[in-house]
Amino acid sequence: MMIDYKNNRIDYGETLSPPVGFQLDFAVATTYSLDLFALLSIPVALFYSKNLDGKVSESRMDILDAIQKTSDKVKVYCQMGKIKVPKSFNKIVSFVDECVCEVAPSGEFTSFHPKVWVIKYSRKRGPSMFRVFVMSRNLTFDRSWDLSFYCEGFVGKSRIAKNQPLVDFVKYLTTHEGFVNSKSFLTELSKVEFEHDFKELDFHPMGLRKDSSPIPVSCENLLIVSPFVQSDALARWSVQTTGKKFLFSRLEELEKLDQKSLAGYNVYSFSDRIVDGEDYTDEGSEYEARTQNLHAKLFVCENTGLTSWFLGSANSTAAAIDRNVEFMVEFKSDQQNMKVDEVKKQLLGNDPNRVYFEPYQKTDRDTEASDDIEYEIRAAIHQLVSYAGNGGISGDCTISEIGADKYDITVSSEPSEAVKSKDFEITFSLYCRDEHRPFRPGKEETFMGVNLENLSPFLSWKLVHVPSGTEKEFITKMDISIPDGRKDAILRSIIRNKEKFFQFLQFLLGKEMAVTQFSDVAEKTEE
């Protein structure tokens with residue numbers, strides 16, 4: 001089975017780690033939203049085969065060692081304004097803040113939305129290896145149900161035409177911010193002979209040019225898995241698909257549609273028992289129950305004996321098809337288990353005690369008002385991050401008179417009417433402090449006496465939509481020069497006592513030992 005909820009699952013720790021005899025050369029990742037603690041997990045997985053879903057909010061020696069080895073070998077591109085504000089400050093994030101590049105979307109209802117990893121592994125002798133992951137999953141600890149695909153191959157001698165769209169996509173990323181040896185990375189990527197079991201395998205970046213959607217509008221049979229759906233996008237396929245049409249989505253999203261747009265589709269909603277599953281299974285757990293909603297994106301188009309799967313980041317929405325930057329992988333096959341009817345059976349399952357999708361039935365939910373508020377907030381956030389991303393905000397770091405190894409951070413902003421609105425209250429703070437101040441374009445704010453080890457280019461923002469009381473929090477990077485010695489100061493703070501120092505040395509020397517986990521999570525205040 002291609003889709004097997006229990007058995008056919010990707011272990012990211014295993015698949016990210018280098019093959020025997022290889023070492024990480026460089027990794028490029030894209031994500032819509034970003035959790036900084038999840039970012040800390042990437043180097044751990046790349047070196048130690050540990051799953052990305054672990055707890056990394058504590059300073060552990062293995063994490064620290066891996067991050068030091070790989071912080072200059074990873075570049076992560078995310079949508080500006082979509083970095084999650086952590087519940088607690090951790091100075092180790094400073095080891096990877098240079099890895100992050102924010103991409104400002106071109107419009108308030110346009111997104112930088114791809115979820116792709118391209119990883120190069122090298123060895124002392126012989127050609128390099130590349131792995132490519134195309135996913136629906138963001139770089140967060142979200143528990144939603146996603147689909148992922150990966151393939152790998154060795155660098156050959158000649159350029160391969162089918163790799164060019166993937167090369168063009170990575171080249172597009174470098175226009176926002178480059179990385180070390182990107183030219184040779186792209187040259188080798190163009191020559192990789194990817195291994196796969198399909199008749200054809202094609203990479204499809206979307207949004208780099210107009211009319212770039214690879215998903216055909218004319219199919220004999222069609223199956224769509226999409227957590228977010230819009231009526232006009234569904235109509236795209238409805239008119240020209242001559243046979244069966246299946247749609248799998250979230251209940252709350254189906255409720256928002258003009259129900260006429262579902263005519264002709266066999267519609268299924270994701271089961272509430274899966275969404276709220278932890279409420280049923282984890283009662284009494286020390287961890288907070290989290291929802292597990294549908295987040296997978298898949299289009300299965302059946303035509304003339306061949307079936308095409310399009311898997312990746314694009315939803316069945318007008319934004320995804322016409323405006324967003326997205327990435328999909330397509331594979332063609334004549335195998336029976338890839339056909340529309342078989343995929344439908346796999347999604348529905350055959351265990352009456354484990355129902356994943358249910359036939360959709362309209363309820364009486366009213367979502368229009370909340371959507372209007374979300375549109376207002378999204379527009380306001382876009383104005384703010386576009387202003388910040390275009391040089392509207394900068395920082396200056398000067399030695400403080402308060403004490404040794406302390407600095408004053410002055411955040412300056414250019415005058416602007418674009419980010420002013422009576423409907424919104426905007427405050428901001430340094431990532432290392434819970435000291436929010438009103439944001440006033442054209443004014444300076446100085447944060448006094450920041451410890452060297454806590455310096456960071458990250459700003460934490462809070463937007464409050466006054467009429468509704470809705471709050472949104474996120475992080476952005478500012479342009480600031482941070483003094484040398486910050487990372488050394490972080491190391492000193494971690495190993496400042498003898499016990500922790502010897503733990504660190506033993507780990508680096510490869511001694512077999514149980515590495516003690518110890519908390520280094522600080523409150524957002526200075527010592």
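I began with strand 18 (residues 424–430) and strand 21 (residues 458–465), which pair in the antiparallel sense over seven bridges. The model I am reading is a predicted one. I then looked for the partner of Phe428 and found Trp461, its bridge partner in strand 21.

Next I traced the sheet around this pair. Four strands form an open sheet in the order 19-18-21-22, with antiparallel pairing. Strand 19 (437–438) and strand 22 (470–477) stand at the edges. Each has a single partner strand, so one side of each is left without a neighbour in the sheet.

**Entry: strand 10**

I asked myself how many of the five residues of strand 10 (residues 245–249) are buried. Five of the five are, so the strand is largely enclosed by the rest of the structure. I noted the general rule that side chains in a regular strand alternate between the two faces of the sheet. Then I checked the directions here. Lys245, Leu247 and Ser249 point one way from strand 10, and Phe246 and Phe248 point the other way. The buried state holds for all of them, Lys245 and Ser249 included.

I looked up the neighbours of strand 10 next. Strand 9 (residues 221–225) runs parallel to strand 10, and four bridges join the two. Across this pairing, Leu222 stands opposite Lys245. Strand 11 (residues 266–270) is also joined to strand 10 by four bridges, and these two run parallel. Here I found Phe248 opposite Tyr268 of strand 11.

I also followed the chain from strand 9 to strand 10. Helix 6 (residues 231–238) belongs to this stretch: strand 9, helix 6 and strand 10 make a right-handed β-α-β unit.

**Entry: the second largest pocket**

I put its volume down as about 590 Å³. The lining of this pocket counts 27 residues. Which of them lie nearest the centre? They are Glu177, Pro457, Lys477, Met478 and Asp479.

I then sorted the lining by element. Strand 3 (100–103), helix 12 (368–392), strand 22 and helix 13 (486–494) each supply at least two residues. The largest share, four residues, comes from strand 3.

**Entry: helix 4**

I picked out the buried residues of helix 4 (residues 164–174). They are Leu166, Val167, Phe169, Val170 and Leu173. Seen down the helix axis, these residues fall within an arc of 160 degrees, so they line one face of helix 4.

**Entry: two loop residues**

I looked for positive phi in residues other than glycine. For Thr304, phi is near 40 degrees. Thr304 sits in the loop between strand 12 (298–303) and strand 13 (306–312). Is Thr304 buried or exposed? Thr304 is exposed, with a relative accessible area of 70%.

For Asp405, phi is near 55 degrees, again positive in a residue other than glycine. Its loop lies between strand 16 (393–399) and strand 17 (406–413). At 46% relative accessibility, I logged Asp405 as partly exposed, since a residue counts as exposed over 50%.

Definitions and conventions
Residues are numbered from 1 along each chain as its sequence is written. This is a predicted model: local features need pLDDT of at least 70, side-chain atom pairs count only at pLDDT 80 or more; totals for chains, interfaces and linings use all residues. Side-chain values use heavy atoms; hydrogens and water are left out. Buried means under 20% relative accessible area, exposed over 50%, partly exposed in between (1.4 Å probe, protein chains only). Two strands pair if DSSP finds at least two bridges between them. A crossover is right-handed if, with the strands pointing away from the viewer, the path from the first strand over the helix to the second runs clockwise. On a 1 Å grid over the protein atoms alone, a cavity is a set of points where a 1.4 Å probe fits but cannot get out, and a pocket is an open set with protein on both sides within 12 Å along at least five of seven lines; lining residues have an atom within 4 Å of a point. Grid points are joined across faces, edges and corners, and a volume is the space filled by probe spheres set on the points. The arc is that of the directions from the helix axis to the C-beta atoms.
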